[in-house]
Amino acid sequence: MGLFYFRFAAMLYKKQLTKEQALQKLKHYCGYQERCHSEVKEKLYSLGVGNKDHDEIISTLIEEDCLNEERFAIAFAGGKFRMKQWGRIKIKYELKQKQVGDYCIKKALTQISDEEYRTTLKKLVEEKYTSLKEEQYFVRKKKTIDYLLQKGYESELIKKEMDDE
């Protein structure tokens with residue numbers, strides 16, 4: 001109860017930023033890494049900026065090309081695919097969680113080449129299957145499939161890749 005009260009009180013007495021100060025902070029925030037609109041709105045709330053200024057600040061960031069949701073989606077999808085080897089389903093789900101529009105999601109997913117996608121899937125199948133210690137073929141196969149589904153790969157592609165092994 002005490003910690004909640006302290007945070008609430010701190011939020012009430014937080015120094016109000018002017019629109020220009022908030023805009024400068026957000027330009028730096030967006031310049032550091034690509035951001036989506038929902039992240040910027042969250043940052044505005046954390047800075048204590050009044051709701052009436054949110055739309056105007058976001059509009060200015062878009063006009064000055066500091067904030068671009070399509071660019072964010074492409075960077076996010078590419079990064080999650082290359083670094084974490086996520087599949088398209090998981091990437092799409094995460095972008096929807098961040099309230100990115102369908103057009104931007106489709107555009108981002110088309111940036112991942114089919115050849116590179118299949119190569120990554122094949123590598124993941126081989127690595128996971130050989131890392132499992134179980135003797136039984138079907139147990140190893142099921143665990144590999146479950147792992148790849150959790151990574152966000154399409155079941156048809158997984159099945160095709162597993163059959164090729």
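Analyst: Read from the N terminus, the elements of the protein chain follow the order α-α-α-α-α-α-α-α-α-α. That makes 10 helices and zero strands, where helices (H or I, at least four residues) and strands (E, at least two) are DSSP runs numbered from the N terminus. The radius of gyration of the protein chain is 22 Å, well over the 15 Å that the globule rule gives for 165 residues, so the chain is more spread out than a compact globule. This radius is taken over C-alpha atoms, and the rule is 2.2 Å times the number of residues to the power 0.38. Along the principal axes, the C-alpha atoms fill a box of roughly 65 × 45 × 20 Å.

The model is predicted: local features need pLDDT of at least 70, side-chain atom pairs count only at pLDDT 80 or more, and totals for chains, interfaces and linings use all residues. Residues are numbered from 1 along each chain as its sequence is written, and side-chain values use heavy atoms, with hydrogens and water left out.

Ala22, Leu23, Leu26, Tyr29 and Cys30 of helix 2 are buried. They cover an arc of only 125 degrees around the axis, which puts them on the same side of helix 2. The arc is that of the directions from the helix axis to the C-beta atoms. An α-helix has 3.6 residues a turn, so residues three or four places apart point the same way. On the face of helix 2 turned away from the buried side are the exposed residues Glu20, His28, Gly31 and Tyr32. Buried means under 20% relative accessible area, exposed over 50%, and partly exposed in between (1.4 Å probe, protein chains only).

The cover over the buried residues of helix 2 includes helix 3 (37–47) and helix 4 (51–63). Leu26, in helix 2, is buried with a relative accessible area of 0%. Not counting residues up to four places away in sequence, Leu26 touches Val40, Lys43, Leu44, Leu47, Ile57 and Leu61, a contact being heavy atoms within 4.5 Å. Lys41 is 15 residues from Leu26 along the chain, and their C-alpha atoms are separated by 10.0 Å.

Elsewhere, the largest nonpolar core has 24 residues, and Ile91, Leu95, Val100, Ile112, Leu121, Leu148 and Tyr153 have the most contacts inside it. A nonpolar core is a set of buried Ala, Val, Leu, Ile, Met, Phe, Trp, Tyr and Cys residues joined through side-chain atoms within 4.5 Å. Helix 5 gives the largest share of this core, five residues. Apart from it lies another core, of 15 residues, among them Tyr29, Leu47, Ile57 and Leu67. Tyr29 is one of the buried residues of helix 2, and Leu47 and Ile57 are among the contacts of Leu26.
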